[in-house]
Amino acid sequence: MVARESGWGGRLWQWALAILLSVTVACAGLLFLVPDWAHEVKHRGAKLLQLQDQVGESQVGFTVADRSEEVEPLRPAGYVFGQQAAPGDAVDGIYWNRESLRFLQEGKWDEALRAQKRALELQPELAEYWENLGVIYLNYSRTRDAEAAFRRALTIDRQHSAAAHNLGVALQLSGELDAAMEAYRLALDAPVWSEVSAYNLAFLYQQRGEAKAALAAYRLALEANPDYVDAWYNLGLLQAGIGDSAAALVAYRSALALAPDQADIWNNLGVEYLRDGNREQAVAAFREAVELQPGHPEALRNLQELEP
């Protein structure tokens, strides 16, 4: 199969992963092989999660604009921040941390950086403030500075799962994948963690061809959040790649139950139906993909081969 090449984070990540389906299936009384032309759409990429915690709390708040390229099918998550701190005096860290978060909401990154540094001058002992600083550095693509900030947060609070996760993001952006995986595992060791850490870890295992470890991590993500569409999607790709067609169909159907407007998933469902010998259902799935996205190249080519 030919996969569409996609980009993540300014094309830092380029994947060209091809899985050739060559199993024999029955259709209309004749035996045939799923041929080279059966075009599948590939992985949705790793997520950038940024949890900004109020002192003593840990909750997800608003989402700041995602800087990823929405080039299909990779959809990195945006930066997510926690509840703003309570108002304080201009001479304490809480005030400047709150100002930093306000500037972030408004997209004023320079002002946010200055305010966050001021908060740290006043209260350098708070892990959350170092976490915030790392987030801002990531938005400037200053990955080394971000890494240092996240490590400082972890020095203060080893169980700060967001800082560990974001350290993984910074390391992944720098191409240090072994260290990134270790950081995601550290995030998952914390008492409270995000399913996105499990997803990112699974994605890296999947890229390495470690199917068993990837399956376990995707399932962990889905246990934490059964409505995680991208996890179902990548799980389907993984299971298709190891030849478990029945499980792949379940994963794709689960993804479509949550996001029925996703043409890529309909296309891949069609490929899996074809692999399973269900030509009629495959055609229906490819048609659904084209109806949702008339110019969908893989689905169009698949239909042209099935209905010349």
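Helices here are DSSP runs of H or I with at least four residues, and strands are E runs of at least two, numbered from the N terminus. The model is predicted, so local features need pLDDT of at least 70 and side-chain atom pairs pLDDT 80 or more, while totals for chains, interfaces and linings use all residues. Residues count from 1 along each chain as its sequence is written, and side-chain values rest on heavy atoms, without hydrogens or water.

**Exercise 1. Describe helix α9 and its surroundings.**

Step 1: Compare its length with expectation, which is 1.5 Å times one less than the number of residues. The 13 residues of α9 span 19 Å from first to last C-alpha, close to the expected 18 Å.

Step 2: Judge its burial. In α9, 12 of the 13 residues are buried, among them W232, Y233 and L237.

Step 3: Find its packing partners. The buried residues of α9 pack against α7 (195-208), α8 (211-224), α10 and α11.

Step 4: G243 follows α9 and has a positive phi, near 85°.

**Exercise 2. Sort out the aromatic pairs.**

Step 1: Apply the rule. Rings of Phe, Tyr and Trp (its six-membered ring) pair if their centres lie within 6.5 Å; planes under 30 degrees apart are stacked, over 60 edge-to-face, and the rest tilted. This rule gives 4 aromatic pairs.

Step 2: Take Y95 and W96. Their rings are edge-to-face, 5.1 Å centre to centre with 90° between the planes. W96 is partly exposed because its relative accessible area is 23%.

Step 3: Take Y233 and Y252. This pair is also edge-to-face, at 6.4 Å and 65°. It links distant parts of the chain, 19 residues apart: Y233 belongs to α9 (residues 229-241) and Y252 to α10 (residues 245-258). Both Y233 and Y252 are buried.

Step 4: Look for a cluster. Y199, Y218 and Y228 make up one aromatic cluster.

Key:
Buried < 20%, exposed > 50% of the residue type's maximum accessible area, 1.4 Å probe, protein only. Contact = heavy atoms within 4.5 Å.
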